[in-house]
Amino acid sequence: MVLDIGFRLRELRRRKKMTQAQVAKRLELSKTVISGYENSTKTPSVEVLIQLSILYDVSADYLLGLDNREMLYIGGLNDHQRELLELLVTEMRGK
């Protein structure tokens, strides 16, 4: 099933428990523009696409539907926390 960018943007915003107005303020855009992105009536520029990927902690490829693997942003974790997370993921994958 191919998902459009608007669907992904809406779902990611909801996961972050943000309103369109909050996203708009964060990116210094209007709520109407964010709504247009989510309804696939407007297409974000490359610059906005990058800002959205950073805001939602996903790759631009994920937003564009080129890669269906969600990414987990681990910025801000210390080395010990990263090691623990890697062990957990390895355990969950059964490796």
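What pattern does the chain follow when read along the sequence? The chain follows the pattern α-α-α-α-α-α, with 6 helices and 0 strands; helices (H or I, at least four residues) and strands (E, at least two) are DSSP runs numbered from the N terminus.

This is a predicted model, in which local features need pLDDT of at least 70 and side-chain atom pairs count only at pLDDT 80 or more, while totals for chains, interfaces and linings use all residues. Residues are numbered from 1 along each chain as its sequence is written, and side-chain values use heavy atoms, with hydrogens and water left out.

Computed totals for the chain are as follows.

| Property | Value |
|---|---|
| Box of the C-alpha atoms along the principal axes | roughly 45 × 30 × 25 Å |
| Accessible surface (Shrake-Rupley method, 1.4 Å probe) | about 7000 Å² |
| Part of that surface belonging to carbon and sulfur atoms | 54% |
| Buried residues (under 20% relative accessible area) | 28% of the 95 residues |

Among contacts (heavy atoms within 4.5 Å) between residues at least 6 apart in sequence, 46% join residues at least 24 apart.

I54 lies in helix α4, which spans residues 46-56. The relative accessible area of I54 is 61%, so this residue is classed as exposed, the cut-off being over 50%.

Note on methods: Buried < 20%, exposed > 50% of the residue type's maximum accessible area, 1.4 Å probe, protein only.
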